[in-house]
Amino acid sequence: MKTQVTSKVAYKGTIRTAAVISILAFIFCIMAFGLNKEIRGIHHSAPFIAVVKKDSVTSVKAFKQVYTVLMSPRCMNCHPAGDIPLQGEDSHLHMMYPKRGVDGKGVYAMKCSNCHQPVNTPGLHTPPGNENWHLPPANSKMVFQGKTAYQLAKQLIDPAQNGHKNLEKLIEHADDGLVLAGWNPGEGRKLPPLSHAQFKKAWITWLTTGAYAPKSK
Amino acid sequence: MTTITINGKQHQLDVDPQMPLLWVIRDIVGLTGTKYGCGVAQCGACVVHLNGEAVRSCVTKLSRAEGQNVVTIEGLSNYNDHPAQVAWNKENVPQCGYCHSGQIMSAAVLLRENADPSDEDIDAAMAGNICRCGTYQRIRKAIHLAAQLQRKEEPGK
């Protein structure tokens with residue numbers, strides 16, 4: 001009888017200890033997860049907190065939509081494989097062959113803003129405009145032209161190739177002034193295949209579901 | 001009223017701020033050395049310097065130049081003796097001459113930024129300036145000469 005009472009007390013104590021350890025472990029896991037996100041630059045203060053919920057199927061599906069926009073002339077023409085921007089719906093080399101330059105803003109008497117004004121110039125075949133018209137700089141060319149969906153997805157999330165952007169910065173980039181200019185291309189130029197809202201939704205979905213790249217083949 | 005400085009002289013202009021700078025320069029201020037070529041930034045005949053950069057004045061609105069410094073071919077030098085002007089003269093570059101104020105203004109930016117430009121640098125800088133007479137070889141030769149003259153004037157360069 002005495003032995004039974006003693007073993008009951010010991011049993012209760014074991015349960016209590018296990019419960020305390022479990023709660024502490026749970027708290028520690030939550031803290032560690034949060035800390036991990038801080039380190040990766042995902043979890044910052046307002047205005048936007050990106051939460052990654054990995055889902056490779058949704059992610060790849062979203063990127064396929066993103067890819068159609070990035071490879072459209074409105075985006076790709078300023079992300080050429082060489083150092084000369086592209087022009088037109090067929091993405092031919094820009095007339096006059098202006099060069100990228102170190103900062104992406106042209107060289108000598110052929111700087112982008114010499115012709116590209118802060119706003120679109122009215123009329124057909126006139127230079128489209130933006131306050132900050134430029135190509136990616138020479139040390140981070142961010143080439144879209146010729147890239148497969150797999151290659152481009154990998155490139156976009158590589159800080160060494162994307163201008164050192166973390167997840168949050170990548171999400172913000174959807175509203176960059178020059179990105180938005182793709183949907184205000186000036187007279188006679190086709191819009192990208194998705195609206196900016198659709199593009200942004202697909203872009204954020206891709207990034208927040210794990211930024212998975214479509215298969216390489 | 002829009003205030004603009006052209007060739008060091010300040011002007012107060014009561015004109016539409018959306019007027020092309022080229023019209024302001026030629027029709028309002030009366031400096032006709034800068035030429036109208038295409039009107040859509042394709043030929044380079046209208047190049048002037050806006051804060052030192054070779055902008056195409058046919059598509060640049062007056063509003064962009066408000067409060068800024070504009071230099072036209074008339075103001076590039078005091079006695080038409082900018083190295084590019086001297087070299088253009090020595091090499092007899094112009095044929096009809098229509099595009100050459102724009103050509104010289106573009107060349108002046110190249111020479112400011114590169115004291116010893118290669119043929120490749122000249123191509124990169126001058127590809128936006130079209131010459132219907134095809135004086136390109138003489139333009140190239142004159143720019144090399146202008147670079148030499150400039151280095152003699154400013155040995156440090």
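I began with the terms: helices (H or I, at least four residues) and strands (E, at least two) are DSSP runs, numbered from the N terminus. By that count, chain B comes to six helices and five strands. Along the sequence I read the pattern β-β-α-β-β-α-β-α-α-α-α in chain B.

A note on the ground rules. Residues are numbered from 1 along each chain as its sequence is written, while chains are lettered from A and ligands numbered from 1 in the order in which they are written. This is a predicted model, where local features need pLDDT of at least 70, side-chain atom pairs count only at pLDDT 80 or more, and totals for chains, interfaces and linings use all residues.

**Overall form of chain B**

I looked up the radius of gyration, taken over C-alpha atoms, with a globule rule of 2.2 Å times the number of residues to the power 0.38. Chain B has 15 Å, which agrees with a compact globule of 157 residues, for which the value would be near 15 Å. Its C-alpha atoms fill a box of roughly 45 × 35 × 25 Å along the principal axes.

Next came burial: a residue is buried if 20 or more other C-beta atoms lie within 10 Å of its own, exposed if 12 or fewer, and partly exposed in between, with C-beta atoms placed from the backbone. Buried residues make up 43% of the 157 in chain B.

**Two domains**

I found chain B divided into domain 1 (2-75) and domain 2 (83-153); such bounds come from an automatic or database domain assignment. Over C-alpha atoms, 21 Å separate the centres of domain 1 and domain 2 of chain B. Counting two residues as in contact if their C-beta atoms, placed from the backbone, lie within 7 Å, 14 residues of domain 1 of chain B meet eleven residues of domain 2 of chain B. On the domain 1 side, β3(B) gives the most, with three residues.

**Where chain B meets chain A**

How many residues does each chain bring to the contact? I noted 20 residues from chain B and 17 residues from chain A. On the chain B side, β4 (53-56), α4 (100-113) and α5 (119-126) each supply at least two residues. That side divides into eleven nonpolar, four polar and five charged residues. Here Ala, Val, Leu, Ile, Met, Phe, Trp, Tyr, Cys and Pro count as nonpolar, Asp, Glu, Lys and Arg as charged, and the others, Gly among them, as polar.

**The core**

A nonpolar core is a set of buried Ala, Val, Leu, Ile, Met, Phe, Trp, Tyr and Cys residues joined through C-beta atoms within 7 Å. In the largest one, of 50 residues, B:Ala107, B:Leu110 and B:Ala125 touch the most other members. α4(B) brings the largest share of this core, seven residues. Leaving aside neighbours within four places in sequence, I saw B:Ala107 in contact with B:Ala84, B:Met126, B:Ile143 and B:Ala146.

**One residue, B:Ala127**

I found B:Ala127 in the loop between α5 and α6 (136-153) of chain B. Is B:Ala127 buried or partly exposed? B:Ala127 is partly exposed, because 19 other C-beta atoms lie within 10 Å. Not counting residues up to four places away in sequence, B:Ala127 touches A:Met96, A:Tyr97 and A:Met110.

**Confidence in chain A**

Last, I checked pLDDT, the predictor's confidence in each residue, from 0 to 100. Chain A has a mean of 85, and 77% of its residues reach 70 or more. Over residues 1-7 of chain A, pLDDT stays under 50, and the model has zero contacts there beyond four places in sequence.
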